[in-house]
Amino acid sequence: MLVNLKEILQLAEESKFAVGAFNTPNLECIQAVLHAAERLKVPVILSHAELHEEVAPLAEIGPVMMLAARKAKVPVCVHLDHCETLAYMQQALDIGFTGVMYDGSTLPYAENLANTKKAVAMAKSYNCGVEAELGALASREGGAGNAGGPVYTDPDEAVTFCAETGIDALAPSFGTAHGIYKSKPVLDLDRVKVIAEKTGLPLVMHGGSGVSPEDYRTGITNGLRKINYYSYMSKAGTQAVKALLEAQDVTFFHDLALAAQNAMEADTEKAMRVFAGL
Ligand SMILES: [Zn+2]
């Protein structure tokens, strides 16, 4: 069942859990995530990231994600992750996406504010929810480093930003990074609590794979309602393919794809259990 970002985060708020948001740049990912969510009966977010455009163009994978969401037995939001241009966001809105993240975090504050306002105005007429980012993570999506290092989100600036833009969810910076962690991340989860209380909005954790179950739980208690998780899920798929190739002489690619799908399903199920407190 298709729902929008605001609705799915409301479900999370009511039951004090976090919804997992998983990038799904191919059919194996879509099926892995939806099978796991349906088995656990939890709401879920299917995301498309602009950096996966080469793997799966939005115009091709977007309609597939929409169809799968409509057929699902659990509430599903179809979401655009880290969109940096409003033209690309318009493409997602036209396909029917029910959530978008406008990411102006690399821009000066005033420009981020102005563009986020535009994004909210555009999304409104499509009944689509908007997430925005303030502050900057230690690394960009895809693992490239941020030249200046992380910029932690200032709680008071967050209050002004949320009030002026009218966004539905905020992604603050509090110590997570995208990609695979090289050392254990040190998270400022008190900052999450303060920002959640001051803004009254659901908060989003980016770089959510590779965080310890304890940190997830504290973060959720403190106000995280959406957790973006992909790198470790994808890695689980790759490892399953490697293991199968070492064990057998595989001819057909679809056998590798299925092995990857099953491993990603098991990995996302584990993550969803933690996010939902199951
Ligand atoms: Zn992200």
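The chain folds into 10 helices and eight strands. Its radius of gyration is 18 Å, close to the 19 Å that the globule rule gives for 278 residues, so the chain is as compact as a globular protein of that length. Keep in mind that this is a predicted model.

**Overall build**

The C-alpha trace spans about 60 × 40 × 40 Å along its principal axes. Of the 278 residues, 49% count as buried. Now take the contacts between residues at least 6 apart in sequence. Of these, 69% join residues at least 24 apart.

K41 is not a glycine, yet its phi is positive, at about 55°. H82 is not a glycine either, and its phi is positive too, at about 45°.

Where do they sit? K41 lies in the loop between α2 (27-40) and β2 (44-49). H82 belongs to strand β3, which covers residues 76-83.

| Residue | Phi | C-beta neighbours within 10 Å |
|---|---|---|
| K41 | about 55° | 10 neighbours |

Is K41 buried or exposed? K41 has 10 C-beta neighbours inside 10 Å. A residue is exposed if that count is 12 or fewer. K41 therefore counts as exposed.

Notes: Residues numbered from 1 in each chain as written. Predicted model: local features only at pLDDT ≥ 70, side-chain atom pairs only at ≥ 80, totals over all residues. Helix = DSSP H or I, 4+ residues; strand = E, 2+ residues; numbered from the N terminus. Rg over C-alpha atoms; globule rule 2.2 N^0.38 Å. Buried ≥ 20, exposed ≤ 12 C-beta atoms within 10 Å, placed from the backbone. Contact = placed C-beta atoms within 7 Å.
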